[in-house]
Amino acid sequence: MTAGVERTNLLGMPKAKLEAFFETLGEKRFRAQQVLQWIHQRGVDDFDQMTNMSKVLREKLKDVAEVRGPEVVYDETSKDGTRKWVMRMDNGNSVETVLIPDGERGTLCVSSQIGCSLDCTFCSTGKRGFNRNLTAAEIIGQVWVARRAFMPFEPNADRPITNVVMMGMGEPLLNFDNVVDAMNLMMEDLAYGISKRRVTLSTSGVVPALDRLGEVTDVSLAISLHAPNDELRNQLVPLNKKYPISELLAATRRYLSRLPDKRKATIEYTVIEGVNDQPEHARELVTLLKGLPCKINLIPFNPFPESDFRRPSMNATRRFQAVLNEAGFVTTVRTTRGDDIDAACGQLVGRVEDRTRRSQRYIAVQQVNP
């Protein structure tokens, strides 16, 4: 490597950016296709192994580029088969990534930020504060690391990862460009080739970015709603004070209207005992979502130390589900997975050097009110 030259990490470059990179080297654009396949379909990070390129080009790449994924500092499998990785990023902070197997399907839950810049009251991630956005290489690197954990890493091998959900740490739409680049790689036939129906972005409701998303991609959409009215959602999802439910659902309809197929949004609703779990909440939700192409996913609250909220009884959750089903909504109850390794929904924390001081405030409150 030439002294003083910072190498470019090719891991996070979608096809168009990789083609532009090779043009800057005076190389043909088709080299991007070769490198994409080596990196994402064969899991190769050593240019010397990319044998369909000349030795001269490989030496040039070693001088100016690299393929570098996140460092795995924890890799544990739950008793139910859920697997969690903690991955350390460049500045020493870490994020968590979870793979949930379910028959022939494997769903990877990917993080987009170190911590989260939002502060939803029912989510452990938010209590850790926020450090920074992840780069595209750090986002797709989670998929790359998880895929490399299963061998053989070949184009025609059985796929342990069939679905990806941007539901890990962070709000994806607040890291717009890097998330879009990473999702493009997930769907790229020369990379992971995952269907746009099986790549899902979950948002708490950054309305302007949601409208922008509809202009550049057609991945599937999940909305973190969690309440049937603004008064309650303001308490659970503070972002609602800026973008209330009416604006969020209008943006959701606009996004769905752009899709070439009849896809539905997934409405995520964390059910919390004594907060939003009553039949009247369910009936209010029925009225709110009338006419919206959607399915509803009920998520029984997963406890964590910084929260006084409680998980609802299964009877209460089923009563809530029954109201929605009777109104004609396809409604599922998410099975809690990986809670013995803190890998359940809302429990991901990683290691966050909090720039917001939010975590310090929560610790102080706990010390005063143990």
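Me: Let's begin with Asp181: buried or exposed?

Reply: Asp181 is buried, with a relative accessible area of 11%, where buried means under 20%, exposed means over 50% and partly exposed covers what is in between, using a 1.4 Å probe and protein chains only. Keep in mind that this is a predicted model, in which local features need pLDDT of at least 70 and side-chain atom pairs count only at pLDDT 80 or more, while totals for chains, interfaces and linings use all residues. Residues are numbered from 1 along each chain as its sequence is written, and side-chain values use heavy atoms, with hydrogens and water left out.

Me: And which side chain does Asp181 meet in a salt bridge?

Reply: The partner is Lys17, at 2.5 Å from N to O; a salt bridge here is a side-chain nitrogen of Lys or Arg within 4 Å of a carboxyl oxygen of Asp or Glu. Lys17 belongs to helix H1 (residues 15-24) and Asp181 to helix H6 (residues 176-187), so the pair ties together parts that are 164 residues apart in sequence. Helices (H or I, at least four residues) and strands (E, at least two) are DSSP runs numbered from the N terminus. Lys17, for its part, is partly exposed, at a relative accessible area of 45%.

Me: How many salt bridges are there in the whole structure?

Reply: A search of the whole structure finds 23 salt bridges. One of them joins Arg68 to Asp90, with the closest N and O atoms 2.8 Å apart. That pair links distant parts of the chain, since Arg68 sits in the loop between strand S2 (65-66) and strand S3 (71-77) and Asp90 in the loop between strand S4 (83-88) and strand S5 (94-102), 22 residues apart. Arg68 counts as partly exposed at 38% relative accessibility, whereas Asp90 is exposed at 59%.

Me: Which network of salt bridges are those two linked in?

Reply: Arg68 and Asp90 are linked with Arg7 and Glu66 in a network of salt bridges.

Me: Changing topic, where does UniProt place the "active site"?

Reply: The UniProt record, an unreviewed entry, places that feature at Glu96 and Cys345; its positions are given in the numbering used here, feature names are shortened, and annotations may be inferred rather than shown by experiment. Glu96 lies in strand S5 and counts as buried at 5% relative accessibility.

Me: What about the "binding site"? Which residues does UniProt list?

Reply: For that feature the unreviewed UniProt entry lists Cys116, Cys120 and Cys123. Cys120 is in the loop between strand S7 (113-115) and helix H4 (124-127), and it is buried at a relative accessible area of 10%. Leaving aside its neighbours within four places in sequence, Cys120 is in contact with Lys127, Ser204, Leu236, Val237 and Pro238, contact meaning heavy atoms within 4.5 Å. Cys123 is also placed in the loop between S7 and H4.

Me: Last one: at what angle do helices H7 and H9 cross?

Reply: The axes of H7 (residues 207-216) and H9 (residues 245-258) cross at roughly 0° and come within 9 Å. That makes H7 roughly parallel to H9, a label for angles under 35 degrees, with over 145 counted as roughly antiparallel, 65 to 115 as roughly perpendicular and the rest as oblique. Axes are lines fitted to C-alpha atoms, for helices over the stretch in contact, and angles run from 0 to 180 degrees between N-to-C directions.
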